[in-house]
Amino acid sequence: MSVIGEMTRAGAFRKLSAWRSERAALWFLALMIGTLSVAPLTRLVWAAIAPEGVPDVARLLHLIGTQKVLQATFNTVGIALSATLLAMLTGTLAALLVALTNLRGKQLWVFTFILPLMIPPQVIALAWIQALSPSSPLLTGIAGMFNGLGLTLHLGNQQPLYSATGIIILLGLHNAPLVFLTVRAGLRRLPADLVEAARITGASPLRVLFTVILPLARPAIFAGAALSFVAAAGNFGIQAMLGIPGRVPTLITLVYQRLNSYGPSALPDMAVLSLLIALITFAGLALSRYLGGRRDVRVSGAARNIRQSLGGWRLPVEGMAWLWILITLLLPLSALVTTSLTRGFGQALNWQTLTFENYLNALWQYPAIHQAFFTSLGLTLLAVIILTVASLFLAYFLSWQRSRLVSVLQMSTELAYALPGIVTGIAAILFFLKPLPLINVSIYGTVWIILAAYLSNFLALVLRPTLAGFAQIERSLDEAAQISGASFMRRMRDILMPLAAPSAMAGAILVFLTALNEIQVSILLVTSSTQTLGPMVIFLDEGGSSTLAAAVGCLMILIILLFMLLASLFAKRLPEGVLPWRA
């Protein structure tokens, strides 16, 4: 009996020890997310409502009611809505073409269509500015060709993109892949039985499209629209590079300009504007969810790939599809490359003007660029490691140990990811401006505040594929190990982490590609001694070094391409659908 009693007590002790280690891991995650996400956002709200410690509604309403803020708010909402409509149209058409037709070369076409989403928006804006500048070598060559044919092409003297229309077009083109990804995923889940039944009754392909396919795909279309709206409202790179010189103020550029002009003293007012940006974002998400869920479109039937032959229209449709890639991707990138290979902006590229000096300067001659690259690389790698480990533990609790605390943690991570990066930046400044309690050390103005903002903003990005990986793991494996006496940390190390690693690595790849060149979060956090790579393009262009900025932009695109191709080599080892550019 004593032996049985000792075994019972040993088993109870192991269970208690496992329970304590699980609780410790959960509370560590709660401390991390609370410190990096919940507390800064709470500080942001309080600074907006009560900058002096007492709620001041009159000040709040006065600031929002000023002419500059009203105009910036109107521009923000109008630009975001218009860009979302453009993204919905182009993204949905692209998804229909890829998911439902026998288009040839889908893999390459999808890769090139998704590529602008992977390229930093400030680089996209710079490429288009240089492509459509009246003095650009590209347009000058086109004008010369027209003149040689006896025609006159007047280019004008102004940059057409420095306007609200230019911002809308670039935001719409940049965010169209977001709509494409969600609509394509929705089309893949459509029940083929309904489509086949409609075809048997004699319905034409267009009738099937408008009466069956599009109504069933409506939730996916509006989900993509919500992503596009959030991205458009919080896109700093395009709004800054086109809106500031074009005198088209938006809330996000107003925050940037005022904080640069007045410094930390403007933080209470910037907190109000940041809160206004967040409210616009959530209003757009709520409206999209309402429109997408007004009608129940749930149907029964097996989901199978639907294929509609293009028939005689195949060649023209393929020609139009590749023409779209030529205009929206190759045109601006060719202008960017051309500018990077000349000595001065506006010079025609020939053997006399060809130079690699800009690339040599970017790679070896400018210490600020080197520092920005290695700072970005170090911060990104550190963020990827921390977020990957944190997502594995958080996914465990969300999958098998869900509680009210775990649900709050998930909601907090999703909230931090949904907010525009500049809102996260303002929240980080407000929270970390004063020295940290107990250790009395301030991380404001250091690389650590940028890392804290990265950890807050990108946790949800790596958590989603990790959750998908845990959904494919048999829980009996963990239960069997637990019964055999394995501790929580040993089960995570020996069983769960290896099984979920491919999904977590997919999320890590997305975080790496997003964080390495990002600008939304770090634009307000960088200093002269803590530069990152993303804002460098804007700083160089503002300083008059357009050719050097073009070279840095080309190098950033090259890095993105290399990592996308590297990830594609391991696509078979990753869960299906985690690499967005895979058809």
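Before the views, one sorting rule: Ala, Val, Leu, Ile, Met, Phe, Trp, Tyr, Cys and Pro count as nonpolar, Asp, Glu, Lys and Arg as charged, and the others, Gly among them, as polar. Keep in mind, too, that everything shown here comes from a predicted model.

**View 1. The second largest cavity, with a lining that has no charged residues.** Sorted by that rule, the lining here comes out as 9 nonpolar and 3 polar residues. The space inside is about 60 Å³. Three helices, α1 (2-49), α18 (421-432) and α19 (447-471), each give two or more residues to this lining. Look for Leu36, Ser37, Pro40 and Leu41, which are among the lining residues. Also on the list are Ala416, Thr424, Phe432 and Ser456, to pick out a few others.

**View 2. The largest cavity, about 130 Å³ in volume.** The model has 4 cavities of 30 Å³ or more, and here we zoom in on the largest of them. Its lining is made of 13 residues, and the ones nearest the centre are Pro116, Leu173, His174, Trp324 and Thr328. Which helix supplies the largest share of the lining? That would be α7, with 5 residues.

**View 3. Helix α21, with a bend at Ala501.** If the 29 residues of α21 (residues 488-516) formed a straight helix, they would span 42 Å at 1.5 Å a residue. Instead, the end C-alpha atoms of α21 are only 33 Å apart.

View 4. Phe397 belongs to helix α16 (residues 367-400) and Phe488 to helix α21, so their pairing ties together parts that are 91 residues apart in sequence. Phe397 has a relative accessible area of 0%, and Phe488 is buried at 0% as well.

**View 5. Helix α10, largely enclosed by the rest of the structure.** Helix α10 (residues 218-233) reaches 22 Å from its first C-alpha to its last, close to the 22 Å expected for its 16 residues. Why call α10 largely enclosed? Because 12 of its 16 residues are buried. Among them are Arg218, Phe222, Gly224, Ser228, Phe229 and Val230.

**View 6. Arg247, a residue with a positive phi.** Most residues other than glycine have a negative phi. Arg247 is not a glycine, yet its phi is positive, at about 55 degrees. You'll find Arg247 in the loop between α11 (236-243) and α12 (251-262). Is Arg247 buried or exposed? With a relative accessibility of 77%, Arg247 counts as exposed, since the cut-off for that label is over 50%.

Definitions and conventions
Residues numbered from 1 in each chain as written. Predicted model: local features only at pLDDT ≥ 70, side-chain atom pairs only at ≥ 80, totals over all residues. Heavy atoms only, no water. Helix = DSSP H or I, 4+ residues; strand = E, 2+ residues; numbered from the N terminus. Expected span 1.5 Å × (residues − 1). Bend = angle between axes of the 7 residues up to and from the residue. 1 Å grid on protein atoms, 1.4 Å probe; cavity = no way out; pocket = protein on both sides within 12 Å on 5 of 7 lines; lining within 4 Å. Points joined across faces, edges and corners; volume = space filled by probe spheres on them. Buried < 20%, exposed > 50% of the residue type's maximum accessible area, 1.4 Å probe, protein only.
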